[in-house]
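Hi there,

Here is the structure I promised to pass on. Have a look first, and my notes follow below.

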Amino acid sequence: LEQVLYSLRHKSLVLIDTAGLNAQDPRLHHQVRSISELGSRAKTLLVLPSTSQLQVIKSSYHCYKTDNMIACILTKLDETASLGEAVSLVIEKALPVAYSTHGQGVPEDINVANSKRLVGDAIEMARELEADEQTMADEMLLLRRASSPSSSYGRAAI
């Protein structure tokens with residue numbers, strides 16, 4: 001790892017992905033330990049998929065936490081219905097958000113985190129969720145009316 005990092009010393013940012021290993025895999029623990037041992041020469045950014053449940057996000061935090069973790073990257077903002085779980089962990093752990101992603105392209109879909117944009121995204125998602133809930137409520141009301149005893153539609157013949 002040190003040799004690879006040395007060869008990339010002219011780059012302003014080098015992202016190292018440890019994905020693909022189960023949290024119980026000893027190789028993952030070795031990778032995390034190796035990154036921690038780099039001390040101030042490496043800064044860890046935790047990747048938090050905004051589509052994950054809170055317990056999964058918390059588990060990732062504890063599994064990938066290093067002594068040199070300085071911030072996180074909120075990913076999959078284009079795929080999620082809510083930022084609540086990810087933001088909850090960010091607040092609980094006082095973990096700054098350095099970057100966010102809207103799409104799967106690297107590096108074109110990685111953006112420097114912008115608090116106004118994140119808040120705007122969260123508000124828009126909440127509005128969309130509220131609209132979706134109202135639509136579902138309206139559809140359920142129509143179904144109930146259609147299956148009520150006063151309606152011949154939906155009544156089973158005995």
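How many disulfides does the structure hold? It holds zero, a disulfide being a pair of cysteine sulfur atoms within 2.5 Å. The sulfurs of cysteine 63 and cysteine 72 are 16 Å apart, so they are too far from each other for a bond. Cysteine 63 is buried at 16% relative accessibility, and cysteine 72 is buried too, at 0%. Here buried means under 20% relative accessible area, exposed over 50%, and partly exposed in between (1.4 Å probe, protein chains only).

Before you read on, please note that this is a predicted model, in which local features need pLDDT of at least 70 and side-chain atom pairs count only at pLDDT 80 or more, while totals for chains, interfaces and linings use all residues. Residues are numbered from 1 along each chain as its sequence is written, and side-chain values use heavy atoms, with hydrogens and water left out.

Next, threonine 80. This residue sits in the loop between β2 (69-75) and α4 (84-92); helices (H or I, at least four residues) and strands (E, at least two) are DSSP runs, numbered from the N terminus. Threonine 80 is buried, with 16% relative accessible area. Beyond its neighbours within four places in sequence, it is in contact (heavy atoms within 4.5 Å) with Ser50, Thr51 and Met125. A polar atom of its side chain lies 3.0 Å from the backbone oxygen of serine 50.

Lysine 11, in the loop between α1 (2-7) and α2 (26-37), is partly exposed at 46%. Its C-alpha atom is 25 Å from that of histidine 30, 19 residues away along the chain.

Best wishes

Terms used
A polar contact is a pair of N or O atoms within 3.5 Å; within protein, one must be able to donate a hydrogen and the other to accept it, and residues adjacent in sequence count only if both atoms are side-chain atoms.
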